[in-house]
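User: I would like to learn how to read the features of a structural model, one at a time. Please give the general idea of each feature and then the case at hand.

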Amino acid sequence: KQLFSAMEGRVTTLYVESMAFPAEDVAECYEIIAGSVRSNHALERLTWFGNRIPSDDQADLFIESIIDNRSITNLDLDFCFHQSEANGCRALVTLMTCGRPFESIHFGGNGLSGIDDVAAALATNPQLGELYLDENELNDRDAELIAHALKHNTNLLGLHLRGNDITSAGFERLRNALYDPSSLNAMESCNHT
């Protein structure tokens, strides 16, 4: 608690990796962390790597504190939701649809499945520069959903999908969403950002 309050207003980058909280203290720990994240307006980059978020309640508290702190523009939440009771897709959708800009969101290794809501959020054209969805067990169906969303998104500059289960057919759908030279009509319907 003292460490987080000492950082407020001074720390621009916070990197926390593989921290485990005792089960009986986890709610209090997340309240302290969320309070600090919310009030540290010098914080521009938050990396919360490999810290398993145990429930939707803690995820909601943490995500809301990130959204409330408008100085955070780069966010890394890799390996926080996989094998967790917290819904990673819901947390990512909340971040993407909150109405505030992010330069980048890293959301790799979170075992995302059934990304219909994530793709729908991406189609709303959020103020997001880069989205990292590496190592999330995404497949060709997910690639098709993302491809459809990209046709409506003109803000996203980078999409990272390394280490997923997407085959060449899935990557072809993604490519055609960005550039399809097969006809003038096809070219017109592509995302040309």
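Analyst: Glycine 9 is found in the loop between helix 1 (2-7) and strand 1; helices (H or I, at least four residues) and strands (E, at least two) are DSSP runs, numbered from the N terminus. This is a predicted model, in which local features need pLDDT of at least 70 and side-chain atom pairs count only at pLDDT 80 or more, while totals for chains, interfaces and linings use all residues. Residues are numbered from 1 along each chain as its sequence is written, and side-chain values use heavy atoms, with hydrogens and water left out.

User: Is glycine 9 buried or exposed, and which residues does glycine 9 contact beyond its neighbours within four places in sequence?

Analyst: Relative accessible area decides the class: buried means under 20%, exposed over 50%, and partly exposed in between (1.4 Å probe, protein chains only). Glycine 9 has 51% relative accessibility and therefore counts as exposed. Contact means heavy atoms within 4.5 Å. With neighbours within four places set aside, glycine 9 touches Asn40 and Ala42. Alanine 42 is 33 residues away from glycine 9 in sequence, yet the two C-alpha atoms are 5.0 Å apart.

User: What is the order of the elements in the protein chain, from the N terminus on?

Analyst: The order is α-β-α-β-α-β-α-β-α-β-α-β-α-α, which comes to eight helices and six strands. Of the 193 residues in the protein chain, 48% are buried. Among contacts with a separation of 6 or more, 82% join residues 24 or more positions apart.

User: How is the packing of two helices described?

Analyst: The description gives the angle between the axes and the distance between them. Axes are lines fitted to C-alpha atoms, for helices over the stretch in contact, and angles run from 0 to 180 degrees between N-to-C directions. Angles under 35 degrees count as roughly parallel, over 145 as roughly antiparallel, 65 to 115 as roughly perpendicular and the rest as oblique.

Here, helix 2 and helix 3 have axes 8 Å apart at an angle of about 10°, which makes the two roughly parallel. Helix 2 contributes Val26, Ala27, Tyr30, Glu31, Ile33, Ala34, Val37 and Arg38 to the contact, and helix 3 contributes Gln58, Leu61, Phe62, Glu64, Ser65, Ile66 and Asp68. By class, the contact of helix 2 with helix 3 holds nine nonpolar, two polar and four charged residues. In this scheme Ala, Val, Leu, Ile, Met, Phe, Trp, Tyr, Cys and Pro count as nonpolar, Asp, Glu, Lys and Arg as charged, and the others, Gly among them, as polar.

User: At what angle do helix 6 and helix 7 cross?

Analyst: The axes of helix 6 (residues 140-150) and helix 7 (residues 168-178) cross at roughly 0° and come within 8 Å. Helix 6 and helix 7 are therefore roughly parallel to each other. On the helix 6 side the residues are Asp140, Ala143, Glu144, Ile146, Ala147 and Leu150, and they meet Ala169, Gly170, Arg173, Leu174, Ala177 and Leu178 of helix 7. The contact of helix 6 with helix 7 has eight nonpolar, one polar and three charged residues.

User: Which residues of helix 3 are buried?

Analyst: The general idea is that an α-helix has 3.6 residues a turn, so residues three or four places apart point the same way. In helix 3, the buried residues are Gln58, Ala59, Phe62, Ile63, Ser65, Ile66 and Ile67. Their cover includes helix 2 (26-39), strand 2 (45-49), strand 3 (74-76), helix 4 (88-96) and strand 4 (102-106).

User: How is a pair of aromatic rings described?

Analyst: Such a pair is described by the distance of the centres and the angle of the planes. Rings of Phe, Tyr and Trp (its six-membered ring) pair if their centres lie within 6.5 Å; planes under 30 degrees apart count as stacked, over 60 as edge-to-face and the rest as tilted.

The structure holds six aromatic pairs. One of them, phenylalanine 21 with tyrosine 30, is edge-to-face, at 5.5 Å centre to centre and 70° between the planes. Tyrosine 30 counts as buried because its relative accessibility is 0%. Tryptophan 48 and phenylalanine 62 form a tilted pair, with 4.9 Å centre to centre and 50° between the planes. Tryptophan 48 lies in strand 2 and phenylalanine 62 in helix 3, so the pair ties together parts that are 14 residues apart in sequence. Ring pairs link Phe21, Tyr30, Trp48 and Phe62 into a cluster.
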